Amino acid sequence: MTFSYPKRTALLWQIRISAISALLCAVTVRLSVVIGLCLIAPICLAVIFIYLPLYFKGCTVTITECAVCVSRGVIIKTTHIMPFPRLIFAESVTTPLAASMRLKGVVLRASRAFIVIPEMKSADADFLLCNLKVKPND
Amino acid sequence: MIKRTFGAHPLMILRLMKPYLFVLILPLIRAVVQFLRQGRANGILSLEITAFVAITAVAIFRFRCILLSISNNRLTVNKGFIFRSRSVIEISRISSVSIRRGPIDAIFGSADCSINTEAGRPTKPDFRIKMRLEEAERLFSLVYGQEKTTVIKFSALRVALLAAATSSAATGLVIGVPIANGAAKLLGVALSDMVISGAQRISEQFNMFFPLTVNIITLLLVAAYGISVIITFFKHVKFKLITGQSRIEVQSGLFVRKRTVFKKHSVNNICLQQTSLMRAFQMFSMRVSIGGYGDSRGEKAVIVPAGRHNELKERLKTHFPFFRAKQEGIKPLRTKTNISRFLLLPTVFAMAIISLMLMAMIIFPFFDRLILFVGIVLLCVDLYYGSICLRDSKRSELVLGEQIFAAGSIGVTVRELYCSRNRVGSIKITETPADRRLHTCKTKIVVRSESADSVRVKNISLTTVLEKIREIYNVEV
């Protein structure tokens, strides 16, 4: 079973990055107008309008019989695989903004390791939490 | 399974406000006290009050959002007010649950409940919530069920031996010094000066035997060690071990009573350890290593504070399959050459200590008594280390099979390790030039766990070790 991200997830992160970028640009412009407007602002705009949509378009979560696979990345693509026997528990995390968009993030925890799955639809996140095949300890 | 839901105790509000204690709450209390005493408020008092009210309100909302529920063999933990999280844990994945009750908990009917899994950080419980005592007990019984148990109690004397054997002056200093400094600030006295001048007065009486500096340092270290012993004793006194078919429960503590439960299948390995003091009484302490145990470093739980070797095995072999009758082990050969190899390191250390001592006495003649004293102490430690090495030449052993057993030493501590074959993390075989000539090796067994308990068995037959590894792991080396 494969889950992909709704457009709302990209929008949520665009809002977050925009707020941080606005703060960063304000600070940088105060120190140096040239660096602020010619360097920081274009980078932030590129991240918000080009990188983030591409990132979430290519991001998928796949549940197989024996593992959870999370694939993501734009320039450098990574795939995280967590076999079910190693999975200890799963956690969903939400913020007020994400909750208003009916989105929830999921953290899968293994022994001294974890995978963070960015905000997906609340229904998908709840399904993931309740249906992960966490096997009893041997 | 019937659903059960539990909330937090109101005392949890104070825990949630604790991170702001020094930054906001204490300065606010000081400002209010100043206002009441002198009728004068500092400029930011109103801001502090506003921040205090806001933090209290957030803490109350966070307290209201804490919810634990058990259904369908899963424990769900909901927490957070602005940033909400919901954790779903299979009950079989819970490593341990512990309940801690201090004097304040006894007054308010609350208990500190810690739930641990292997996924958490080693020094911090995964979930630590202050609950009502009866709800915490009910959570316990729902997670672990009810089963027939055997209770094994241990006397205060054995706990005292454990405390004396495992305490250190360093721990005493780390705990005692901040308390002494805090007390001194509160009372407005120079407590540290008083302590040092007292130590000096006592040390002067032994000046003719030992240097004054040595006397003062020894006295302070002994005092710090005493503090550590007292704290460890009260932490473990009234020690009780309750074993069931599938679970183990450890209860200990006088002022703060701690009760921890874990499943037997969570146990990675068992260690029997004998420190130098325990060796004088011919006793061992038994510890188990559990994945994700508690908030103590190294994931170790004390199962038996002190007991004789045979007594431990007799009493606990039915509860731990590791203790069952083992096969014949691989032991070092009892030849003169092999025994002298065991005594090589202590001999080298002794020669080095004597050489350094003589050199130091020539270079620094003014400190000759101090150097002589330190040298004698080091030689005594080396002598003891030599006795441990001699013991290893007779008693060290390695059994490789379905159950792994390794007996050796780590420094001056005698250690025996028991675990099942599939809990071994790594086996390291080392051959020095002398080993290659005599066809022996040093084998180190490391258990697959965060604490990575290990034992090294020296100077045993390489061929036999490789044969056994091939047999049980199907690995050709």
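Predicted model: local features only at pLDDT ≥ 70, side-chain atom pairs only at ≥ 80, totals over all residues.
Which residues in α6(B) meet which residues in α9(B)?

On the side of α6(B), the residues in contact are B:Ala156, B:Val159, B:Ala160, B:Leu162, B:Ala163, B:Ala164 and B:Thr166. Their partners in α9(B) are B:Tyr225, B:Val229, B:Thr232, B:Phe233 and B:His236. Helix α6 of chain B covers residues 156-166, and helix α9 of chain B covers residues 212-236. The two pack at an angle of about 140°, and their axes lie 8 Å apart. With that angle, α6(B) is oblique to α9(B). The crossing of α6(B) past α9(B) is right-handed.

Let me now step back to the chains as a whole, beginning with chain B. Chain B contains 16 helices and 20 strands. It has 477 residues, of which 45% count as buried. Along the principal axes, its C-alpha atoms fill a box of roughly 80 × 70 × 40 Å. If we take the contacts in chain B between residues at least 6 apart in sequence, 59% of them join residues at least 24 apart.

Chain A has 138 residues, and buried residues make up 43% of them. Its secondary structure consists of 4 helices and 7 strands, which follow the pattern β-α-α-β-β-β-β-α-β-β-α along the sequence. The box filled by the C-alpha atoms of chain A is roughly 60 × 30 × 25 Å, again taken along the principal axes. Among contacts in chain A with a separation of 6 or more, residues 24 or more positions apart account for 47%.

I return to chain B for a further helix, α11, which spans residues 309-316. Which of its residues are buried? They are B:Leu312, B:Lys313 and B:Leu316. Viewed down the axis of α11(B), these buried residues fall within an arc of 90°, and therefore they line one face of the helix. The face of α11(B) turned away from the buried side carries the exposed residues B:Asn310 and B:Glu314.

Next, a residue in a strand. B:Ser426 belongs to strand β18 of chain B, residues 424-430. Is B:Ser426 buried, exposed or partly exposed? B:Ser426 is partly exposed, with a relative accessible area of 34%. Leaving aside residues up to four places away in sequence, B:Ser426 touches B:Lys444, B:Ile445 and B:Val446. B:Ser426 and B:Ser454 are 28 residues apart in sequence, while their C-alpha atoms are 9.5 Å apart in space.

Finally, I turn to the cysteines. How many disulfides are there over all chains? The count comes to 0. For B:Cys65, the closest cysteine sulfur is that of B:Cys113, and at 19 Å the two are too far apart for a bond. The cut-off applied is 2.5 Å between the sulfur atoms. B:Cys271 is likewise in no disulfide, since the nearest cysteine sulfur, in B:Cys419, is 9.3 Å away. In terms of accessibility, B:Cys65 is partly exposed, at a relative accessible area of 21%, whereas B:Cys271 counts as buried, at 1%.

Conventions: Residues numbered from 1 in each chain as written. Chains lettered and ligands numbered in written order. Heavy atoms only, no water. Buried < 20%, exposed > 50% of the residue type's maximum accessible area, 1.4 Å probe, protein only. Arc of directions from axis to C-beta. Axes fitted to C-alpha atoms, helices over the stretch in contact; angles between N-to-C directions. Parallel < 35°, antiparallel > 145°, perpendicular 65-115°, else oblique. Left-handed = near helix turned anticlockwise from the far one by under 90°. Contact = heavy atoms within 4.5 Å.
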